[in-house]
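My plan is simple: look one thing up, write it down, then move on.

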Amino acid sequence: MAHADSETANLAKAAAPGGRPTFWGALLQNGAYQAISGTLFKTPRRQFVLLASLPLFWVFFANLGPIIEMFWIGFLDSYPPKVGYQPQFTLANWAAFFQDRVFIIPFFRTLAYSFTFTTITLLITYPVAYFLAKHVKRGHQLLFLLLLLIPFWVGEIVRTYAIMILLGNNGAVNLALKSLGLIERPIPFMYTGFSLGVGIIYLTALYMLLPLYSALEKIPDNYLEAAADLGAGAWTRFRRVTLPLSREGIASGCTLVFLISTGYYATPVLLGGPRSTVFAETIAGFFHVAGDQWPMGAAFSSIMLIATLALTGLFLKLMGRDGKGMMR
Amino acid sequence: MTRHTRILMSIIYWAFVAYLFVPLALMVTMGFKDSKFIGFPIRSWTFDWYIAVAQDTQVLAVFGYSMAIAISTTVLSLIIGTWMAAFLGPNTFRGKAIIFALACLPAVIPGIISAIALRIFARLIDIEPGMMAIILGHTVHNVPFVALVVMARLSTQPKSHIEAARDLGADSIVAFFRVTLPYLKPALIGAGIFCMLLSFDDFVRAFFLGGYQPTLPVLIFAKLRSGMSPEINAISTIVLIMTAILGLWAERSMRRLNKGS
């Protein structure tokens, strides 16, 4: 506050006649600047339009534009455009998806994986978030939270690699099991749905943890005390007080983890195997292997986008809230 | 809450911390192994892999390339994100909820779809795959994060600040640069560092939008596909340390902001 006050004091000095004008003071006195700002800010309406210009341009051009373009390309029979050939409108790309098991199986596998990983992440992080919010002293919460945050700043590739070292045939887990005499030969964890799950949960757990933590932290302690006074046992208190009040955190956490976990490409390539191919790899194939398959890749991406957004929309509806403020 | 559940929960917490840290610790350890083969046990130790990385001109060039992309992305994201927040924060207008949802869209769209859509879009607006395309992709992805952080900070600024500035003769532009911007500074530092981390660590957008020159995550990915090597561990460890320092700095800046102004 004091900082801003001194700022305003400076401003007063700048604008005051007689004093030596600062850059901003000089700017305000400058005739050309006055003329320009006079026209631009003449009415509140003009100011609003000016303020709205870049954000609206960005939202429609950069956020919505690529998505619409992707849908549109999905309806063309050839893209990027070839010289001397006018792309024709077609539904074949969309139909291809429903005609081949090679496409449908990875698609449903991805949804099943993401659903499973989201559920497991919720079950793992709920007690962690509860412990943080309710059992750690206020003064120490930041430290405990920071301990969890640090690994999440590290990128996707580095963390995926760390999981490869953990689960490989010569990895730490197999070494530990072997030295304990539990196994003779290494267990092949890698290149399965299991290793993929360990990796994806490692990457996404924070997106569950933070919404849960902020929801649980807001529940006043005396609610639980009141419930206890009225004779509710630990389980009833959890089921009737804590769980309903943390519903918003569960809803946003699950939405984020589900959406984000369907979108990983490098992690399934590195941790998964031929029996755990996900749809991201299918889509990527159209852009890497054969350059001419863009329309098919675009159509498939659109199908996946519609499916994931529809599922999360349905989920949020079931949880009794709309998507507003999902990011907070 | 009974004593047993309390103990159980603290065990779960520490197990979770172990799950997060053990893989990274193993990865760091492996970078000091005196052998080409990744895997346990480690019989002898060396520092050679770090020396090899320091002398690898390709890695150094790629590092600089990733850094340049991260810095450009951060500058663009901060400008557009702050502008977005200044527009969406204080104003109410018809259709605001829709604009707000669209503004947040890139943050929740699955990464692969966002990358593919941007790849097609870059072709449409005639940007060749490469640095410009990656910067565009990363900026699209980062703007929502900046906007949300700045909006949160903006909502705590007292109206009297701007009014005082206006009374003293500043117009909207000068009031913004001299009063609002200094007030936003901690939020901008925090958001800026996170933008750099998001951009520097991003794989999927850089992979699909990049040309022949790889970014650092793309290079690590390519090296991993041709086989694990302790050199990758050394590179990753350097990235890890840098990331942790930057992250802690950002966190400190953001926390100071939460304690009140």
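**Entry 1: where the chains touch**

I began with the contact between the chains, which takes 85 residues from chain A and 90 residues from chain B. Two residues are in contact if their C-beta atoms, placed from the backbone, lie within 7 Å. On the side of chain A that touches chain B, helix H4 (residues 44–73) gives the most, with 17 residues. I sorted the residues of that side of chain A by class and noted 64 nonpolar, 17 polar and four charged. For the classes, Ala, Val, Leu, Ile, Met, Phe, Trp, Tyr, Cys and Pro count as nonpolar, Asp, Glu, Lys and Arg as charged, and the others, Gly among them, as polar. Helices (H or I, at least four residues) and strands (E, at least two) are DSSP runs, numbered from the N terminus.

**Entry 2: ground rules and confidence**

I noted that this is a predicted model, in which local features need pLDDT of at least 70, side-chain atom pairs count only at pLDDT 80 or more, and totals for chains, interfaces and linings use all residues. Residues are numbered from 1 along each chain as its sequence is written, while chains are lettered from A and ligands numbered from 1 in the order in which they are written.

I then looked up pLDDT, the predictor's confidence in each residue, from 0 to 100. Chain A averages 84, and 90% of its residues score at least 70. Over residues 322–328 of chain A the pLDDT is below 50, and this stretch has ten contacts in the model beyond near neighbours in sequence. A reminder to myself: where pLDDT is low, the predicted coordinates should not be read in detail.

**Entry 3: chain B as a whole**

How many helices and strands does chain B have? I found eleven helices and zero strands. The C-alpha trace of chain B spans about 75 × 65 × 30 Å along its principal axes. Chain B has 261 residues, and 49% of them count as buried. A residue is buried if 20 or more other C-beta atoms lie within 10 Å of its own, exposed if 12 or fewer, and partly exposed in between, with C-beta atoms placed from the backbone. Among the contacts in chain B with a separation of 6 or more, 75% come from residues 24 or more positions apart.

**Entry 4: one residue up close**

Next I picked Ala147(B), which lies in helix H6 of chain B. Is Ala147(B) buried or exposed? Ala147(B) is buried, because 30 other C-beta atoms lie within 10 Å. Leaving aside neighbours within four places in sequence, Ala147(B) is in contact with Gly81(B), Met84(B), Ala85(B), Leu88(B) and Ala103(B). I also checked Ile162(B): it is 15 residues from Ala147(B) in sequence and 20 Å away in space, C-alpha to C-alpha.

**Entry 5: two positive phi angles**

Most residues other than glycine have a negative phi. I found Tyr191(A) with a positive phi near 60 degrees, in the loop between helix H9 (172–179) and helix H10 (193–217) of chain A. Tyr191(A) is partly exposed, with 17 other C-beta atoms within 10 Å. Asp126(B), also not a glycine, has a positive phi of about 65 degrees. Asp126(B) lies in the loop between helix H5 (111–124) and helix H6 (131–154) of chain B and counts as exposed, with 6 C-beta neighbours inside 10 Å.

**Entry 6: helices that pack**

In chain A, the axes of helix H15 (residues 279–288) and helix H16 (residues 294–318) come within 7 Å and cross at roughly 155 degrees. Axes are lines fitted to C-alpha atoms, for helices over the stretch in contact, and angles run from 0 to 180 degrees between N-to-C directions. H15(A) and H16(A) are therefore roughly antiparallel. Angles under 35 degrees count as roughly parallel, over 145 as roughly antiparallel, 65 to 115 as roughly perpendicular and the rest as oblique. The residues of the contact of H15(A) with H16(A) are eight nonpolar, three polar and no charged.

I looked at H16(A) again beside H4(A): their axes are 7 Å apart at an angle of about 120 degrees, so H4(A) and H16(A) are oblique to each other. Met70(A), Phe71(A) and Ile73(A) of H4(A) make this contact with Trp294(A), Pro295(A), Ala298(A), Ser301(A) and Ser302(A) of H16(A).
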